[in-house]
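Hi everyone, thanks for having me.

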Amino acid sequence: MRISGPMVPEITRTLCNNTMERSAIDCTVSLPVGKIPASAWVLPAPHTLTGEDTLEIRVPGNPAIVRQLEDRLRELGARDAEPGEFTRRAFEAGKLDLNRAEAVLQLINATDETARRQALADLAGETATALTAMAERLRSLSARFEMSFDFSEEEHADAAEDQLLTDLRTFVADLAHLLGDAEPAPHRDRPVIALFGPPNAGKSTLFNALLGRPRALVSEQPGTTRDPVESELVLGDHTVILADLSGVGKLDADRGRFAETACERALQADVMLVLEAPGDIEATSEFDALQRRDGAVRSRALWVHTKTDLAHGITANLPGLESVSVSAMSGGGLDELRKRLTARLDQLASGGATSLLRVRSGEALKLLQQATKEDAPPEVIASDVRRALKLIDEALLSDAPGEVLDLIFSRFCIGK
Ligand SMILES: Nc1nc2c(ncn2[C@@H]2O[C@H](COP(=O)(O)OP(=O)(O)OP(=O)(O)O)[C@@H](O)[C@H]2O)c(=O)[nH]1
Ligand SMILES: [Mg+2]
């Protein structure tokens, strides 16, 4: 167990009978099951991950003992951490910049070697350093573009312009290489988007609405969908498999006969839509159960509040995840959902690049690729270069508004 914050000295004294001096100690913790031998690391501020006083305590890995230690810590005033809260505190204490905090998340969720390599480079700050150098190159290119207008009437202007364009193309290729664009992560199969949620949440109705045809059976009877129903769906540049799953939870008429298959499919999906109808009480607990099986599922989840045409002031659960509200009946919110899904798929296709640094510099890259591909007049290219430079500068500043931060950290597992 790891605890961090101003109450740590008091808890260390009560629990381990120790002062807040930096030490590794053996101690005995009194729990209802008895006196338990424990090892503790007492880590005073500021030289800790979070910059706060921190206590790490290790007890034998018996679930009952761990639970009792958790209860004891709560009694002493500690509370459970929010997802990613340790990393967030590290970020807020200035121990970790946002790019690195995001790299931690990427590293946790990396599923292949490319993604792991990228995350490690981000974490070590290599990407930011390389990108800073790239920004300087682009700044000088941008200045040359601006200057070229002044000389465009002179006789060597054309040759100079060609050279400038060649240099810009070289820059674009280098940036693509830096961002890992040259070797897109090989996606074995089509990405899968799964619809997960309690019976009657409106999964099949949303499935049909996204496809634009009545492919899956819909009824007011809970437990209508049994085996998964799959269909291809085109979203932006992506063709995906959309999977409609059987409902999960106690309200299922089949008492969970098909729920395990649904859970397994949801866990394997690249993007999981968690559907919650107004007044539904099971979506959260079922999602929590999935998270206990695989903490990383959070980063793949998108919360969908359904049947918004029916909701009359019913307060929805706040899952602390990216969420959208839709009515498959009226079509409201479907465009927004498609947009969010396409953005997720773009991320997947770029090798799981999820950090703001990569997303923003990726946008700059796209802009420049477009600009150099077309036979655009220099004024237009120059303006695109300016915009790209602004995006990269912003990416390097790594400043993000509070709600973006909430979103980033919400995708961490609890305890990280
Ligand atoms: N008013 C309204 N009703 C909806 C909406 N979406 C679904 N419903 C209704 O909710 C009921 C359940 O819809 P389904 O799509 O079958 O739900 P499901 O989640 O697939 O249910 P199971 O397959 O049983 O797990 C049906 O009576 C639908 O007509 C919506 O956006 N608005
Ligand atoms: Mg269904």
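I'll go from the ligands to the strands, and then to a few backbone details.

First, some ground rules. This is a predicted model, so local features need pLDDT of at least 70 and side-chain atom pairs count only at pLDDT 80 or more, while totals for chains, interfaces and linings use all residues. Residues are numbered from 1 along each chain as its sequence is written, chains are lettered from A and ligands numbered from 1 in the order in which they are written, and side-chain values use heavy atoms, with hydrogens and water left out.

Okay, ligand 1. Which residues come nearest to ligand 1? Out of 22 residues around ligand 1, those are Lys203, Ser204, Thr205, Gly223 and Asp309. A residue gets onto that list if one of its heavy atoms lies within 4 Å of the molecule.

Asp309 uses a polar side-chain atom, 2.8 Å from a nitrogen atom of ligand 1. Ala328 brings a backbone N or O atom to 3.0 Å from an oxygen atom of the ligand, and a polar backbone atom of Ala201 is 3.2 Å from an oxygen atom of ligand 1. How much of ligand 1 does the protein bury? Taken alone, ligand 1 exposes 650 Å², and 91% of that is buried by the protein. Those areas come from the Shrake-Rupley method with a 1.4 Å probe, and for residues only the protein chains shown count as cover.

Next is ligand 2, a magnesium ion. Ser204 (OG) and Thr225 (OG1) coordinate the ion at 2.0 Å. This pair links distant parts of the chain: Ser204 sits in helix α8 (residues 203-211), and Thr225, 21 residues apart from it, in the loop between α8 and β6 (229-235). Donors here are N, O and S atoms within 2.8 Å of the metal (3.2 Å for Na, K and Ca), and water is not among the atoms, so sites may look incomplete. Helices (H or I, at least four residues) and strands (E, at least two) are DSSP runs, numbered from the N terminus.

Are these two residues buried or exposed? Ser204 is buried, at 8% relative accessible area, and Thr225 is buried too, at 13%. Buried means under 20%, exposed over 50%, and partly exposed in between, with a 1.4 Å probe and protein chains only.

On to strand β6. In a regular strand, side chains alternate between the two faces of the sheet. β6 has Val229, Ser231, Leu233 and Leu235 on its covered face, and Glu230, Glu232 and Val234 on the uncovered one. β6 runs antiparallel to strand β7 (residues 238-244), joined by seven bridges; two strands pair if DSSP finds at least two bridges between them. Leu235 has His238 as its bridge partner in β7. Together β6 and β7 make a hairpin with two residues between them, and Gly236 in that turn has a positive phi of about 60°.

Most residues other than glycine have a negative phi, and most peptide bonds are trans. Asn17, though, has a positive phi near 55°; Asn17 is in the loop between α1 (8-16) and β2 (23-31), and is exposed at 69% relative accessibility. Asn200 has a positive phi near 70°. Asn200 lies in the loop between β5 (192-196) and α8, and is partly exposed at 31%. And which residues does a cis peptide bond join? Ala45 and Pro46, with omega about 0°. Pro46 is in the loop between β3 (34-43) and β4 (54-58).

Last stop, helix α3 (residues 85-92). Six of its eight residues are buried, among them Phe86, Arg88 and Phe91. After α3 comes Gly94, with a positive phi near 75°.

Notes:
Polar contact = N/O pair within 3.5 Å; in protein donor to acceptor, adjacent residues only side chain to side chain.
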